[in-house]
Amino acid sequence: MLNYLRLTIVVAAGCVITGCAQQSASISTSRAAHRLHKVRTTAYSRGESGGRHNALGVHLSGQKLMSAASDWSRFPLGTHFRIVDTKEEYVIDDYGTALVGTNTIDLYKRNRLEMKRWGVRQVDIDILEWGSEEQSLKVLAPRAKHGPVRRMIAGLQKKAPRLAERSLD
């Protein structure tokens, strides 16, 4: 009888420990970066038609956290990501009319040589923090007279109709 009681206690303790370990694993997974595979990337530099400023009117960044452009209905303004192979970190702070309707991210490079060296690559990226669809709509709303911007707004409205109506009022 004593052995049966000991066995019951050991099994119960094992279940508690296993349950805690599984709960801990699920918590750590939710904090981990979200990996996207084979994202098409291109590059641009300040010599491109957009000049030296991003969509917010701030200088493009080629420092530790670099600028990138995308279709904001796919990768919203403020999305922070890391390229797995190079460990370079970027933030989406710009958009390009040629990017609308695509899953391409255009990476800012400090000069034309770096831009040409990058070319077009399929890379894995870790999303460190998703940007704000609401902020994307606030920036885009005053520019809605342009067709590509209207397409991004429409894409954002499909994702979050309540936010889109508020930002356009």
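Visitor: How many helices and strands does the protein have?
Guide: In this predicted model, the protein has 5 helices and 6 strands.

Visitor: And which pattern do they follow along the sequence?
Guide: Read along the sequence, the order is α-β-β-β-β-β-α-β-α-α-α.

Visitor: What share of the residues is buried?
Guide: Of the 169 residues in the protein, 36% are buried.

Visitor: What about strand S4, is that mostly covered or mostly exposed?
Guide: Strand S4, residues 89-94, is mostly covered, with 5 of its 6 residues buried.

Visitor: Which sense does the pairing of S2 with S4 take, parallel or antiparallel?
Guide: Strand S2, residues 65-69, pairs with S4 in the parallel sense, and the pairing runs over 5 bridges. Within S4, Val91 is the bridge partner of Ser67.

Visitor: And S3 with S4, parallel or antiparallel?
Guide: Strand S3, residues 80-83, pairs with S4 in the antiparallel sense over 3 bridges. Here Phe81 has Tyr90 in S4 as its bridge partner.

Visitor: How many residues lie between the strands in that hairpin?
Guide: The hairpin of S3 and S4 has 5 residues between the strands, and Lys87 in this hairpin takes a positive phi near 65°.

Visitor: Changing topic to the helices: at what angle do the axes of H3 and H4 cross?
Guide: The axes of helix H3 (residues 133-140) and helix H4 (residues 147-159) cross at roughly 150° and come within 10 Å. Because angles over 145 degrees count as roughly antiparallel, H3 is roughly antiparallel to H4.

Visitor: Is the crossing left-handed or right-handed?
Guide: H3 passes H4 in a left-handed crossing.

Visitor: Which residues meet there?
Guide: From H3, the residues are Glu133, Ser136, Leu137 and Leu140; they meet Val149, Met152, Ile153, Leu156 and Lys159 in H4. By class, this contact comprises 6 nonpolar, 1 polar and 2 charged residues.

Visitor: One more residue, please. Where is Arg110 found?
Guide: Arg110 is in the loop between strand S5 (105-108) and helix H2 (112-118).

Visitor: Why is Arg110 classed as partly exposed?
Guide: Arg110 is partly exposed because its relative accessible area is 44%, and that class lies between the 20% limit for buried and the 50% limit for exposed.

Visitor: What separates Arg110 from Met66?
Guide: Arg110 and Met66 are 44 residues apart along the chain, and their C-alpha atoms are separated by 9.5 Å.

Visitor: What share of contacts in the protein links residues 24 or more positions apart?
Guide: Such residues account for 74% of the contacts in the protein with a separation of 6 or more.

How values were computed
Residues numbered from 1 in each chain as written. Predicted model: local features only at pLDDT ≥ 70, side-chain atom pairs only at ≥ 80, totals over all residues. Heavy atoms only, no water. Axes fitted to C-alpha atoms, helices over the stretch in contact; angles between N-to-C directions. Helix = DSSP H or I, 4+ residues; strand = E, 2+ residues; numbered from the N terminus. Parallel < 35°, antiparallel > 145°, perpendicular 65-115°, else oblique. Left-handed = near helix turned anticlockwise from the far one by under 90°. Contact = heavy atoms within 4.5 Å. Nonpolar A, V, L, I, M, F, W, Y, C, P; charged D, E, K, R; others polar. Buried < 20%, exposed > 50% of the residue type's maximum accessible area, 1.4 Å probe, protein only. Pairing = 2+ DSSP bridges.
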